[in-house]
Amino acid sequence: MGANTGLDSPVGIVVDPSGKLYVASAAFGSHQYKVAVYAAGANGNVAPTAIIAGPTTGLSAPVFLSF
């Protein structure tokens with residue numbers, strides 16, 4: 001984790017068939033849940049390529065991710 005990752009409290013991770021990383025993260029005090037998407041092979045203090053969050057996503061406290 002690092003400032004660039006955008007992660008608060010990572011609680012789940014999965015790698016899709018193309019190698020992209022999906023990390024479920026929860027800021028428990030604020031109830032702001034999200035899934036951060038990282039490029040294939042990403043590691044260290046890197047920014048996500050996308051964030052999946054908000055009321056229209058249907059996410060409700062994501063913890064387990066799968067493909």
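Reply: Happy to! Accessible areas here come from the Shrake-Rupley method with a 1.4 Å probe, and for residues only the protein chains shown count as cover. The protein exposes about 4,100 Å², with carbon and sulfur atoms supplying 59% of that area. This is a predicted model, in which local features need pLDDT of at least 70 and side-chain atom pairs count only at pLDDT 80 or more, while totals for chains, interfaces and linings use all residues. Residues are numbered from 1 along each chain as its sequence is written, and side-chain values use heavy atoms, leaving out hydrogens and water.

The protein has 0 helices and 4 strands, taken as DSSP runs numbered from the N terminus (helices: H or I, at least four residues; strands: E, at least two). Buried residues make up 27% of its 67 residues, where buried means under 20% relative accessible area, exposed over 50%, and partly exposed in between (1.4 Å probe, protein chains only).

Ser25 counts as buried because its relative accessibility is 0%. A polar atom of the Ser25 side chain lies 3.3 Å from the backbone nitrogen of Ser9. Beyond its neighbours within four places in sequence, Ser25 has contacts (heavy atoms within 4.5 Å) with residues including Leu7, Ser9, Val11 and Tyr33.

Tyr33 itself sits in strand 3 (residues 32-38). With a relative accessible area of 23%, Tyr33 is partly exposed.

Technical notes
Polar contact = N/O pair within 3.5 Å; in protein donor to acceptor, adjacent residues only side chain to side chain.
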